[in-house]
Amino acid sequence: MVARLVGAALRHRAAVFLLAAGLLMAGFYAARTAPLDVFPEFAPPIVEVQVEAPGLAPEDVEALVTRPLERALAGAPGVATLRSSSIAGLSVVTAVYRYGTDPYRARQVVIERLALAAEQLPPGTRPAVSPLSAALSTILAIGLRAGPSVSPLELRDLAEWTIRPRLLAVPGVANVVIYGGGIRQVQLTTTPERLWAAGVTLDDLAAAAGAADAAAGSGFFDRGGQRLPTWLDARLRSPADLARAPLPGRDSVPVPLAAVADVGEGPAVPVGEATVNGEPGVVLLVTKQPALNVLEVTAEVEKALGALVRALPAGVRVDQSMFRQASFVTHALGNLRRALLAGVVLVLVVLVLFTGSKRAAFVSVVAIPLSLLAAVTVLRAAGATLNVMVLGGLAIAVGEVVDDAIIDVENAWRRLRAAPASARADDVVLAASVEVRSAVVYATVMVALVFLPVFLLGGLEGALFRPLATAYVLATLASLVVALTVTPALAAVLLPGAVARRTAPPWLLSALRARYERALGAALARPAPVIAGSVAALAAALALTPLLRLEFLPEFHETNFVMHMTGAPGVGLDESARVGAATARTLLAVPGVRSVAQVIGRSTLSEDTFGPERSEMMVQLEPGVNAAAVSAELRARTAEVTGFAFDLKQFLNERIEELLGGVGAALVVRLRGSDLPSLEQAAATVSERLAAIPGVADLHAPGALAASGIRVKPRRADLLGQQVSAAAVERALRAALGGLPVGRIVEGERQAEVVLRVAADGVLDPERLARLPIAGGHGRVLPLGAVADVEGASLRTAITHEDGVRTVLVRLDARGRSLEAVALDVARAVAAAPLPAGVYAEVGGEYAAAAAARARLVGLGALALLGIFVLLVVDFGSTRLATLTMVNVPLAFVGGLAAVLLGAGGRLSLGAIVGFVTVFGITIRNGIVLVAHFLHVEEARGGPLDRGAVVAAATDRLAPILMTALTTGIALVPLLLLGGRAGGEIEQPMALVIVGGLVSSTWLNLFVVPVWYARRGARRR
């Protein structure tokens, strides 16, 4: 079949060239129109449900909202993990689905189950499903600051009603989350004293405010053949309308609401806040939808924002890119593109040096654009984005895709030089191609097979590395097709004339052949040192393996950092904003820091639902600065801040760690149980032990899950005696603490909620809160203290669940020691910690994911190597020859391990492990080429090879083996030089391992395989 395909390509060269040109054009079009992103979509489908439950404490939110939602979603098809958080007034339930689940189907299932659970929720609560967004959803952070002429209310209105709707209209934008400013409300503000003086209760004010707004009296009537519409224009238009609403007094004399309450506009009780470069402001976080071009979406958002900025009022300052993901994408993809092009140029230089002919080099190098663009075309047709991993796979494949063509061209060149003048070029090229095709086809299939473990990886690591493996394997398979069709056709056209002009081999190749013949002859004469040296090198490599330090992914070289700032439970928004603003000003004084945006607490349908004690600071550095030095200085500056804990991470690492462990930390200890005090005790015990471990950094444990507060406990007997309902107490407290919604005023496109509230100074302490008037039986007005105990107490601020079980997370990072060493010490410390009855611990996070991925890769890799061995036995018909070919695997391991120890300091990331998988396939391929040629020469001679014949046969294969190894290695040199630059974080460790493995396996292969083959021939003779 191979001979027929090559023959058809030679007979129909014009058609082959036209198809190749069409493929090039299609590939260029696919590359230009492909969506660009940082990474492939590596997160599983995640559906987040948020339920606002105003007035409910965390324990009540857990019991009345979170538990029913968890019961409804538990057991939903495809759900892998169910997480929840219950805080004051809010329940957040997150359903994490298994990889491969259709995200739209997942959302549909959640929405259907929420509809069934809605009747079990408290009145007035309604579940809301967060918008569908990408794993790295935040693409832009925009800061707004105002001068003295613009109030926080006006600044928030601009963000809410002018900027947000315009940005949401940009194609690809999933959501725009707003922090800071003041949410405008129309407020009826009173005090207990004014209520007592008027003899009214909060219920009276709420009823009067609700009755003041009427809009449902419109209709029509028929008269004289006409239908006349009517309009009851009784909607509230302004706070003044509300102030004149009648409030019936106790002596039946109506009085306006303004007599007992101040009516005016004011900010809602905030649940979140923001600072912009150390000043109060508003921060907008723009998120994008999955699988879209981050550069295009960002450009469209910036274009829309630029048009809006010109129309904003004077005094409003806009920081348009306090965080910009597209900057990293541009730098990373640009660096990889340059590395890919540089690799192509280096490959071309190597080919010219070894062949001595520009025509021969051209015939070989044509395989690179054809193979790479064919892979891009297939990936684009499958809906893939062009991201760092895909480009990395193509960059690594640059030297590999030319190997098939090199073997073809070298063999055709050699045969054309030796062919008689009467021989037809087509026949010579066909015979040369068919001679090497069997071995090369098997070798290419095995290169693809060796990547099977990467395709079978699960979880986040599989989602990250599968696109890289797909791009690499597609390019390699495409190169095989090119070598069977385009390469023979070009060789038949271009090589005969080049051979006629240059009959002697290039001087470089002649010199290498002469030296190799002498060295191999000496090795065959004294094989013991060669074998002993190889075994010793392998033993040394195995002995040095414990020096490797496992890590999941390296640090990314980006300018966007995330700093978490965490205070003790009970810290208010004002204190977090004050300390955050001062910290931001301190950070801005560090050379290299461009901007600092702080978001505190939470916002509606935001990713983070923190309490007021937690905030996130987005620190953007200047391009080109030493990120390691600047981050060290940032940590030093924040270490001086008292009362708050800080941890600093690069944005991409933080998001990946958050996906792995549920929080942005490298290591996570999960404490599970049903009793909250026991969980708190366990968190304190574990934290104390972990703090003593060398290398532990940024340790944070919400051990004190309770904060000082005020507890109101109604006395049931007094409620009965005074004829007061618990609901009346609830309404009074909601008005006193956060505001009781009683209506809404609409002005054009803007809306403002009408709330009834008690002035803050009216409930500053338990004593004043106890004097809050409530309605009793027979029209009496009673103080709250008459029916309830009002006292200071320690109250919980948050309750978290995982899979329905109460969970406390202790998070930490490693600094100064390897993550693996710290993780092992942490596991031992947690196992030895005495935990209360009913509490158990699990250690997870980045290290656990890396260890699981390593074990899976090693296990699947062993199966893949076994499959390759079986194919070799089928191809060679000999177990010994198959074993001899597999000798290349340990030889490649030696060089790869040395490269990791010397070039990466022993850090073994997942990228390096995938590099080992890659180099194993490449070296097996080289072994197949050499052993297959030995068999071909044996068949031609009609018997076993003697020492001289082995030397001659090995020397014949020296050129293709060196060229394939050199082109593969030299193409990776630009990737090696990407260390410390954006785009090379994952690919550079891979390239390091591949180059190291190629160096050792190629030179050892050129001596070890011939030595063992000669011993086999001697035994047969």
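This is a predicted model: local features need pLDDT of at least 70, side-chain atom pairs count only at pLDDT 80 or more; totals for chains, interfaces and linings use all residues.

**Exercise 1.** Is Asn277 buried or exposed, and where is it found?

*Solution.* Step 1: Asn277 is in the loop between β13 (272-276) and β14 (279-280).
Step 1: Its phi is positive, about 50 degrees, although Asn277 is not a glycine.
Step 2: Asn277 counts as buried because its relative accessibility is 15%.

**Exercise 2.** Describe how helix α23 packs against helix α27.

*Solution.* Step 1: Two packed helices are described by the angle between their axes and the distance between the axes.
Step 1: For α23 (residues 676-691) and α27 (residues 819-832), the angle is about 140 degrees and the axes are 10 Å apart. Axes are lines fitted to C-alpha atoms, for helices over the stretch in contact, and angles run from 0 to 180 degrees between N-to-C directions.
Step 2: That angle makes α23 oblique to α27. Angles under 35 degrees count as roughly parallel, over 145 as roughly antiparallel, 65 to 115 as roughly perpendicular and the rest as oblique.
Step 3: Val686, Arg689 and Leu690 of α23 make the contact with Val826, Ala829, Val830 and Ala832 of α27. Contact means heavy atoms within 4.5 Å.
Step 4: By class, the contact of α23 with α27 has six nonpolar, no polar and one charged residues. Here Ala, Val, Leu, Ile, Met, Phe, Trp, Tyr, Cys and Pro count as nonpolar, Asp, Glu, Lys and Arg as charged, and the others, Gly among them, as polar.

**Exercise 3.** At what angle do helices α2 and α12 pack?

*Solution.* Step 1: Helix α2 (residues 13-33) and helix α12 (residues 367-381) pack at about 55 degrees, with their axes 8 Å apart.
Step 1: This makes α2 oblique to α12.
Step 2: Among the residues in contact are Leu23, Leu24 and Phe28 in α2 and Leu370 and Leu373 in α12.
Step 3: The residues of the contact of α2 with α12 divide into twelve nonpolar, three polar and one charged.

**Exercise 4.** Which residues of helix α7 are buried, and why do they line one face of the helix?

*Solution.* Step 1: In α7 (residues 202-211), the buried residues are Leu202, Leu205, Ala206, Ala208 and Ala209.
Step 1: Seen down the axis of α7, the buried residues fall within an arc of 165 degrees, so they line one face. The arc is that of the directions from the helix axis to the C-beta atoms.

**Exercise 5.** Which residues does Thr287 touch?

*Solution.* Step 1: Thr287 is found in strand β15 (residues 282-288), and Thr287 counts as buried at 7% relative accessibility.
Step 1: Not counting residues up to four places away in sequence, Thr287 touches Ser137, Thr138, Gly172, Val173, Ala174 and Asn175.

Note on methods
Residues are numbered from 1 along each chain as its sequence is written. Side-chain values use heavy atoms; hydrogens and water are left out. Helices (H or I, at least four residues) and strands (E, at least two) are DSSP runs, numbered from the N terminus. Buried means under 20% relative accessible area, exposed over 50%, partly exposed in between (1.4 Å probe, protein chains only).
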